[in-house]
Amino acid sequence: MAGKRKSGKKPAAGGGRAGGYCPLGDAVRAGIRQVIDAQGRLTGDLPEPDLDRDTLIRLYEMMVLVRAIDERGWVLQRSGRVEFWIPHKGLEAVHIAATMAFARNDWIFLGYRHPGALLLRGAALVQLFAQFFGRRDEPFKGRRLPTLMGDRRLNVVPMTTQVGSYIPHACGAAWGAKIKGDDTRFLTFFGDGATSRGEFHSALNFAGIFKPPVVFICENNGWAVTTPASAQTASRTFAQKGDAYAVRNLRVDGNDPLAVYAAAREARDLAAKEAPSLIEAVTYRLGFHTSSDNPDLYREPEEVEEWAAWDPLIRTCKYLERKGYWGKRQEADLWTRCTRDIDAAVEQAEAMPLPDPASMFDDTFEQMTWMLEEQKAALLGDLERCS
Ligand SMILES: Cc1ncc(C[n+]2csc(CCOP(=O)(O)OP(=O)(O)O)c2C)c(N)n1
């Protein structure tokens with residue numbers, strides 16, 4: 001539903017400073033590192049990472065699956081079967097390529113637009129949909145908002161809902177690993193909006209001093225709900241905030257999975273050598289902020305169109321075609337497979353039991369406080385009266 005907005009032109013994401021009004025066409029001048037252009041051709045800036053055919057195809061297939069999940073999640077939310085949805089259309093390259101650049105035993109502190117990280121770590125599709133449907137038998141027992149996912153078994157820590165609050169957690173966990181002398185590295189994703197929170201600055205300051213093996217990826221998707229990147233900071237880039245804390249930093253094209261992979265891989269290696277990194281991945285949220293948002297009220301359709309031409313799926317597909325690894329038939333088969341797998345996961349997950357309402361009090365304290373005991377008893381009493 002498009003509502004009315006006040007008069008005047010809507011702001012562009014970035015406004016020439018951090019983010020930019022699709023600066024990807026002029027990436028070199030903007031200091032944004034790239035491997036491929038919009039047509040999937042090598043730009044000659046960053047070298048092509050040394051990835052074999054199967055790995056490149058796996059990367060692309062995961063990006064398509066994650067896009068298909070977003071499309072389905074949206075439909076399920078709009079038809080009332082999933083209560084809430086946080087879209088990730090256009091943001092596939094950042095988290096998928098970065099996760100692939102890290103080792104299986106590294107820890108990832110996830111945001112809410114990153115389902116591919118769990119899938120790459122081996123989570124079944126049905127586990128994701130069980131989370132979206134709030135079902136009992138998923139790792140968080142159906143008690144978190146859809147897409148706020150994680151899984152301890154896969155070394156993936158779910159986000160805490162307060163923007164930016166988990167950045168120091170990633171930093172502290174990395175510091176712990178360093179003290180213990182183990183080789184694990186830590187990766188965390190957060191948005192441009194999170195850089196305005198104190199926790200971002202505390203974490204960066206800590207990282208500059210104690211040099212834990214951590215890589216911070218700021219997914220600059222142009223907007224923090226209605227706030228454009230240009231109003232988020234007066235700095236020229238989000239990456240340069242690392243300079244204040246002596247943290248190595250760089251900007252990459254977040255819609256170029258090869259550039260993200262190359263940057264994340266190098267950062268992972270350096271993380272073990274007392275050099276944490278802040279990577280600003282310049283990308284764009286093509287969808288709504290959440291299912292409760294209406295971006296027509298605050299951004300121009302031309303801006304979305306301009307970024308859509310840099311869609312990471314299209315670029316990666318073209319790159320694979322140029323290498324002779326991909327064609328129309330594989331593309332059609334892949335989408336058919338994704339649809340079929342999602343259909344099966346939806347059917348299975350929706351049939352799973354819902355959590356017992358009283359279970360919302362579980363796992364809060366080892367010994368429940370008297371206040372929670374009282375609340376639980378009141379809830380059970382109400383439920384009994386209503387049944
Ligand atoms: C401390 C805090 N303030 C406000 C919110 C409401 N909120 C949820 S997401 C969001 C925007 C976050 O923007 P960004 O960090 O750029 O990430 P994006 O959603 O764009 O991926 C806000 C303000 C919140 N969850 N936590």
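## Exercise 1: The largest cavity

**Task.** Work out which residues line the largest cavity, and which helix gives the most to that lining.

**Solution.** 
Step 1. List the lining. The largest cavity is lined by Leu-118, Gln-127, Leu-128, Gln-131, Glu-138, Pro-139, Met-149 and Gly-150. This is a predicted model.

Step 2. Find the helix. Helix α4, residues 125-132, gives the most, with three residues.

Step 3. About 40 Å³ of space lies in the largest cavity. The count comes to one cavity of 30 Å³ or more.

## Exercise 2: Helix α4

**Task.** Decide whether helix α4 is largely enclosed or open, and name what its buried residues pack against.

**Solution.** 
Step 1. Recall the cut-off. Buried means under 20% relative accessible area.

Step 2. Apply it. Eight of the eight residues of α4 are buried, so the helix is largely enclosed by the rest of the structure.

Step 3. Name them. The buried residues are Leu-125, Val-126, Gln-127, Leu-128, Phe-129, Ala-130, Gln-131 and Phe-132.

Step 4. Look for the partners. The buried residues of α4 pack against α1, α3 (115-120) and α11 (328-350).

Step 5. Go past the end of the helix. Gly-134 follows α4, and its phi is positive, near 65 degrees.

## Exercise 3: Strands β5 and β9

**Task.** Show how β5 is covered on both faces, then treat β9 in turn.

**Solution.** 
Step 1. Start from a rule. In a regular strand the side chains alternate between the two faces of the sheet.

Step 2. Val-214, Phe-216, Cys-218 and Asn-220 lie on one side. Val-215, Ile-217 and Glu-219 lie on the other. All are buried.

Step 3. Conclude. Seven of the seven residues of β5 are buried, so this strand is largely enclosed by the rest of the structure.

Step 4. Trace the pairing. β4 and β5 pair over six bridges, with Phe-189 opposite Ile-217 in β5. β5 and β9 pair over six bridges, and Cys-218 has Glu-280 as its bridge partner in β9. β8 and β9 also pair over six bridges. Here Arg-251 has Glu-280 as its partner in β9.

## Exercise 4: The nonpolar cores

**Task.** Name the residues with the most contacts inside the largest nonpolar core, and follow Ile-217 to its contacts.

**Solution.** 
Step 1. In soluble globular proteins, nonpolar side chains tend to be buried together.

Step 2. Describe the core. The largest nonpolar core has 71 residues, and Ile-69, Phe-129 and Ile-217 have the most contacts inside it. Its largest share, 12 residues, comes from helix α1 (residues 53-78).

Step 3. Follow Ile-217. Leaving aside neighbours within four places in sequence, Ile-217 is in contact with Val-94, Ala-98, Leu-187, Thr-188, Phe-189, Phe-190, Ile-279 and Ala-281.

Step 4. Look for another core. A second, separate core of 25 residues includes Ile-86, Phe-109, Ala-203 and Leu-278.

## Exercise 5: The largest pocket

**Task.** State which residues lie nearest the centre of the largest pocket, and which strand supplies the largest share of its lining.

**Solution.** 
Step 1. Give the volume. The largest pocket has a volume of about 400 Å³.

Step 2. Go to the centre. Of the 26 lining residues, Tyr-112, Arg-113, Val-163, Gly-191 and His-289 lie nearest the centre.

Step 3. Pick the strand. β4 supplies the largest share of the lining, three residues. β4 and β6 (223-224) each supply at least two.

Note on methods: Residues are numbered from 1 along each chain as its sequence is written. This is a predicted model: local features need pLDDT of at least 70, side-chain atom pairs count only at pLDDT 80 or more; totals for chains, interfaces and linings use all residues. Side-chain values use heavy atoms; hydrogens and water are left out. A nonpolar core is a set of buried Ala, Val, Leu, Ile, Met, Phe, Trp, Tyr and Cys residues joined through side-chain atoms within 4.5 Å. Buried means under 20% relative accessible area, exposed over 50%, partly exposed in between (1.4 Å probe, protein chains only). Helices (H or I, at least four residues) and strands (E, at least two) are DSSP runs, numbered from the N terminus. Contact means heavy atoms within 4.5 Å. On a 1 Å grid over the protein atoms alone, a cavity is a set of points where a 1.4 Å probe fits but cannot get out, and a pocket is an open set with protein on both sides within 12 Å along at least five of seven lines; lining residues have an atom within 4 Å of a point. Grid points are joined across faces, edges and corners, and a volume is the space filled by probe spheres set on the points. Two strands pair if DSSP finds at least two bridges between them.
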